[in-house]
Amino acid sequence: MENNQKQNGQKKNNLMKIIVLTLMIIGLAVATFVVYYVSVKDGQDDNKLAFTELMTDINNGKIEKIEMTTGSNTLKVVIKGEEPEKEREKTVLVPSLQAFMEWIQEKVDKDGVEIELNQKPVNPFLRISETLFSLLPTILLVVLLLMIFKMQGLGGDSGKVYGGEDGSKKTNVKFSDVAGLDEEKGELIEIVDFLKTPKAYLDMGAKIPKGILLYGKPGTGKTLIAKAIAGEAGVPFISMSGSEFIEMFAGLGASRVRKLFERAKKMAPCIIFIDEIDAIGSRRTSNSGAETENNQTLNQLLVEMDGFDTNETIIVLAATNRPEMLDKALLRPGRFDRQITIPAPDLNGREAILKLHSKNKRFSPTVDFKDIAGDTAGFTGAELANVLNEAAIIATREKHKEITNQDVENAVKKITVGLEKTNRVISEKDKKLTAYHEAGHAVVSKFLPTQTDVKEVSIIPRGLAGGYTMYKTNEDKYYVSKTELLEKMVALMGGRAAEKISLNEISTGASNDIEVATGIARDMLTIYGMDDNLGPISLKVDDPYELQIFGDKVIDQVGNEIQQLIDNAYVSAQKILLEHMDILDRVAQTLLEKEKITSEEFEMFFKDLEE
Ligand code: ADP
Ligand code: ZN
């Protein structure tokens, strides 16, 4: 239900935005016309400068002096240059003197732009008609600016706040509203405790993280869990989306970040939640335009993160779906130095989410949520909530007394079709391919003495990968032997080899494996000097040109040897799998059924062999 209301609200919002935009366009057209009309009346055409040009010139440091007259919208500006001042004078008609004055004052005070500002008192001979003419566009533009500010949540509204200082309207989301994600909640519980009793921690000299980054695809419950932290701790939750910082006017994004933190400091202890942080926190580039604007906003965020200290008991939580896009500076100590992955729910998680969201709906007792969980691999929490809502709608339309199994099945189908279009749901075929691929890695490594034990095998997508095989980590090790590197390559090839042997198909899923294996082979030859034919030489050079001293023969040989190493690894992996096809099949089938295999369960497949 809640989900649905949200969607309705969003639709209304969009409609409002369209209306406001249309009004803005009409308003702008009228304003432009009037401004044009007034400026023609002014009769100083060749000495005029467009307002937008003036702003650009100010930003580029081309303006020497600006003279403003209170109550008049005509400025006198002097462009930098060698000629006598009279020749460099221009007049500019500003849409709103007030707004311009504030803007330029900030430029001078904060950004250190050097411009001589002169303010003259009202010209008593200002003609009344002129005043009227100049007022009309001003009013229009002020209204427009207000609308824009309102739409973008500026004008004092920096960030949505749930819960005021009086504590009367705190978010009432609790950890119990977040299903599954037990480990993640466990990690975040100390943040709740800190927000509740900051003094105890500070007295003890404990350092609490300032920023926590939540990684995960949309709808996995990142916002929900952030709200729950605020709800559990009973502190205000200030939220803002990264895309809201991207402004049409230069400098506003940064000033919003500043305002957001100012506000948070007044409300501390509190939580700031920045959704879609990748919108501002993408890697900085040195380009112009929107990117520069983006950089300013990011820099401001870094300044703010560094600026407050833990005594202020503000915790900044940020969410992103694209961690690889983030600027590394954001992840440094004292900023978002703690990262938590919020995965798509596994089988048990999905069941828990379904049960939680079924509470306020009338379900037939025959509905089996475990079954539904089994049919919805790859669904996020938001999508599962949507399934149940859709089922309720279908049941109502069908005039059922309560929601039946069939209603839920139809809802799943309906949503799956929608999802398939966006390629988000995993097809049976992909699932099978992934299952054999991951089973291949796991089974092959089991027969490689130097490889560490399997910790977990899963076909639940993680990041870009369709599944994963996790290995137990080794104790501290300083050296890696040649055998170990060779066997590592064999384990890496196990995925692709299994796809080929079992399904006679190969997929893009092995791209990372191939990349890593090729890297190992290259390093073995060019850095570690592990090749029998080449001998212990280092081919590590800063400039490819330097390789020429080795001659073409050596370079060709490196290429051939890399290929040879990879080929050998692939053949070895294939051999192991062919010998143990039955185990490979069983592991893959189990993965298809359970999605995840623990190390203990995995070891069970090899019990027969040991005896
Ligand atoms: P994100 O911020 O990761 O995009 P949200 O937190 O906005 O996702 O989740 C959207 C909705 O999906 C939530 O309001 C909730 O109804 C549902 N949801 C997602 N994950 C869970 C979960 N683990 N438990 C319960 N509901 C969830
Ligand atoms: Zn793989």
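Trainee: In what order do the 5 strands of the open sheet run?

Mentor: This is a predicted model. In it, the order is β1-β4-β3-β2-β5, and the pairing is mixed.

Trainee: Which strands are the edge strands?

Mentor: β1, residues 48–49, and β5, residues 116–120. Each of them pairs on one side only.

Trainee: Parallel or antiparallel for β2 and β5?

Mentor: Parallel, over 5 bridges. Strand β2 covers residues 63–69. Within that pairing, isoleucine 66 has leucine 117 of β5 as its bridge partner.

Trainee: Which strands does helix α4 touch?

Mentor: β2, β3 and β5. The helix spans residues 97–110 and packs on the sheet. Its direction makes about 145 degrees with that of β2.

Trainee: Switching to rings. How many aromatic pairs does the structure hold?

Mentor: 5 aromatic pairs. Phenylalanine 363 and phenylalanine 369 make one of them, edge-to-face, at 5.2 Å centre to centre with 75 degrees between the planes.

Trainee: Are those two, phenylalanine 363 and phenylalanine 369, buried or exposed?

Mentor: Both phenylalanine 363 and phenylalanine 369 are buried. Another edge-to-face pair is phenylalanine 602 with phenylalanine 606: 5.0 Å between centres, 65 degrees between planes.

Trainee: Why is phenylalanine 602 called buried?

Mentor: Because its relative accessible area is 1%, and buried means under 20%. Phenylalanine 606 is buried too, at 2%.

Trainee: What sits over the ring of phenylalanine 606?

Mentor: The charged end of lysine 446, 5.3 Å from the ring centre.

How values were computed
Residues numbered from 1 in each chain as written. Chains lettered and ligands numbered in written order. Predicted model: local features only at pLDDT ≥ 70, side-chain atom pairs only at ≥ 80, totals over all residues. Heavy atoms only, no water. Phe/Tyr/Trp six-rings, centres within 6.5 Å; stacked < 30°, edge-to-face > 60°. Buried < 20%, exposed > 50% of the residue type's maximum accessible area, 1.4 Å probe, protein only. Lys NZ or Arg CZ within 6 Å of the ring centre and 35° of its normal. Pairing = 2+ DSSP bridges. Helix = DSSP H or I, 4+ residues; strand = E, 2+ residues; numbered from the N terminus. Contact = heavy atoms within 4.5 Å. Axes fitted to C-alpha atoms, helices over the stretch in contact; angles between N-to-C directions.
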